[in-house]
Every structure is written in C-alpha cells, then in structure tokens.
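This report goes through one protein model, strand by strand and then contact by contact. Please keep the sequence and the structure in view while reading.

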Amino acid sequence: MSVRMAPLLITVTLFCLAAGQRPFTVNVSRENHQAVEHSNTTLTWLFPVSTDMSSASLHIHIRSVDPLRTVFLYDSPPEAEPYQDEDYRGRAWCDPELARKGRIECLLTDLRLSDTGSYQCIVAVNRDSNHKACHLNVTAASNQAVTEPSKPASRGRIGLYAGFGLFTAVKAALVVHLTYKHFIMRSTLTRQTPVK
C-alpha cells in the first residue's frame with residue numbers, strides 16, 4: 001500500500017509544480033516548546049497566503065493529539081463562533097484575522113501538566129489544506145523556598161553584623177563613660193559643698 005501512495009504523492013507534487021503553483025504547506029515556528037506550569041506560551045504556525053484572503057474559505061483546527069481534544073476550531077463565515085474543548089475554554093486564544101495574513105498564533109495561558117503533548121494545526125484555504133505538529137512540554141513549577149538550600153552569610157551581611165556589633169559596643173562604652181563621669185562629678189560636688 002505504501003508503494004502505491006509514494007508515486008501518487010510525487011505525481012501530485014509534480015502536477016502542482018508543473019502548473020506553476022507552489023504546494024500548500026503549513027510550517028511551525030518552533031517544533032519544541034518548553035514551559036513551566038501556570039505560565040503562558042504561544043504556539044505559532046505559518047502558511048502561504050494569496051493576495052486576497054478576504055473572500056477565501058478558511059478552516060483552522062488546532063488540536064491536542066493525545067488525548068484528542070480540540071484547542072481551537074474555526075470556519076470562515078463571520079457568524080461562526082470558534083469552538084474549544086472544555087479543558088481549553090478561557091485558556092486558549094487564537095486570532096482568525098491574523099490567520100488571514102498567513103500566521104496562526106495560539107496563546108495558551110495558565111498551563112497545566114496535562115497540557116504536555118503534541119499539538120497539530122490543520123489549515124484549509126479554499127481547496128488547499130495541510131497540517132503540521134509541534135510538541136509542548138510543561139514541567140512542574142518548583143517552590144523556591146523549599147528547594148533552595150540555605151546560603152551562608154555573605155560578606156555584606158558579615159559586615160552589617162560587625163558594624164552593628166561595633167556600634168553597640170561604642171554606645172555601651174559611652175553610656176559607661178558618661179555614668180562614671182556623672183558619678184565622679186557628683187561625688188566631687190558633695191565633697192566641696194560645706195556642711196552647715
């Protein structure tokens with residue numbers, strides 16, 4: 001079966017090239033995305049557009065491959081509302097008007113560990129269609145307070161502690177000195193005062 005499909009694919013490609021048309025392709029800006037849980041990421045696909053896309057029929061289907069869930073589904077009639085799977089409602093945004101310029105950007109917000117997987121974008125413009133997949137890997141957000149080892153005091157803190165200690169020692173010495181001076185002056189005044 002695969003032997004028959006290969007010549008057919010070559011024939012279609014050669015036919016398009018012979019007619020002066022480029023084969024319709026969808027490309028992805030990055031094949032692998034890394035993100036942290038609860039962060040945001042944008043999956044971007046690109047495809048060639050004709051000069052006038054206003055009257056073209058446009059169909060966009062972005063889906064998570066495993067498990068199969070629809071992230072974004074759009075058909076070109078202006079009254080058509082985009083469809084999203086319940087897991088992505090309120091967390092996925094795609095601009096169909098930007099797609100008419102040959103760029104599909106799908107913003108995924110508040111990423112979950114379950115969002116990890118392959119995402120496929122299927123684009124159909126009039127009678128041409130193609131698809132391309134990319135992979136998203138969402139890792140757990142680490143709690144820095146728990147995972148960060150305690151650091152030894154830095155030179156800045158040591159200097160701060162030494163300065164505070166020196167200030168306290170000088171203050172204590174001054175208090176002792178002033179108390180002693182007050183005591184000496186008082187005893188000197190008591191001796192000099194004549195008793196009646």
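## Strands and sheets

Buried means under 20% relative accessible area, exposed means over 50%, and partly exposed lies in between (1.4 Å probe, protein chains only). Strands are DSSP runs of E with at least two residues, and helices are runs of H or I with at least four; both are numbered from the N terminus.

The model is predicted: local features need pLDDT of at least 70 and side-chain atom pairs count only at pLDDT 80 or more, while totals for chains, interfaces and linings use all residues. Residues are numbered from 1 along each chain as its sequence is written, and side-chain values use heavy atoms, with hydrogens and water left out.

Strand β2 pairs with strand β9 (residues 128-139) in the parallel sense, over five bridges. Two strands pair if DSSP finds at least two bridges between them. N32 has H135 in β9 as its bridge partner.

An open sheet is formed by four strands in the order β1-β3-β7-β6, with antiparallel pairing. β1 (27-28) and β6 stand at the edges with a single partner strand each, so one side of each has no neighbour in the sheet. Within this order, β3 (residues 41-46) and β7 (residues 103-108) are joined in the antiparallel sense by six bridges. The bridge partner of W45 in β7 is I104.

β4 (residues 58-64) and β5 also pair in the antiparallel sense, again over six bridges. The two strands form a hairpin, with four residues between them. I60 has Y74 in β5 as its bridge partner. Most of β5 is covered, since five of its seven residues are buried.

T70 is in strand β5 and is buried, with a relative accessible area of 15%. Its side chain makes a polar contact with the side chain of H61, at 3.2 Å. A polar contact is a pair of N or O atoms within 3.5 Å; within protein, one must be able to donate a hydrogen and the other to accept it, and residues adjacent in sequence count only if both atoms are side-chain atoms. T70 and Q120 are 50 residues apart along the chain, and their C-alpha atoms are separated by 9.7 Å.

Contact means heavy atoms within 4.5 Å. Leaving aside neighbours within four places in sequence, T70 is in contact with residues including I62, Q84 and Y88.

Q84 sits in the loop between β5 and β6. Q84 is buried as well, at a relative accessible area of 14%. The side chain of Q84 reaches the backbone oxygen of V71 at 3.4 Å and the backbone oxygen of A92 at 2.7 Å.

## Aromatic pairs

How many aromatic pairs does a search of the whole structure find? There are two. Rings of Phe, Tyr and Trp (its six-membered ring) pair if their centres lie within 6.5 Å; planes under 30 degrees apart count as stacked, over 60 as edge-to-face and the rest as tilted. F72 and Y74 form a stacked pair, 6.5 Å centre to centre with 15 degrees between the planes. Both of these residues are buried.

The ring centres of Y88 and Y119 are 6.5 Å apart and the planes are at 80 degrees, so this pair is edge-to-face. Y88 lies in the loop between β5 (69-75) and β6 (92-94) and Y119 in strand β8 (residues 117-125), so the pair ties together parts 31 residues apart in sequence. Y88 is buried at 0% relative accessibility, and Y119 is buried at 0%.

## Salt bridges

A salt bridge is a side-chain nitrogen of Lys or Arg within 4 Å of a carboxyl oxygen of Asp or Glu. By this rule there are three salt bridges.

| Residues | N to O distance |
|---|---|
| R69 and D87 | 2.8 Å |
| R91 and D115 | 2.9 Å |
| E105 and R103 | 2.6 Å |

R69 in strand β5 and D87 in the loop between β5 and β6 are 18 residues apart, and their pair links distant parts of the chain. R69 is buried, at 11%, whereas D87 is partly exposed, at 29%.

R91 is buried at 7% relative accessibility, and D115 is buried at 2%.

E105 is partly exposed at 28% relative accessibility, and R103 is partly exposed at 34%.
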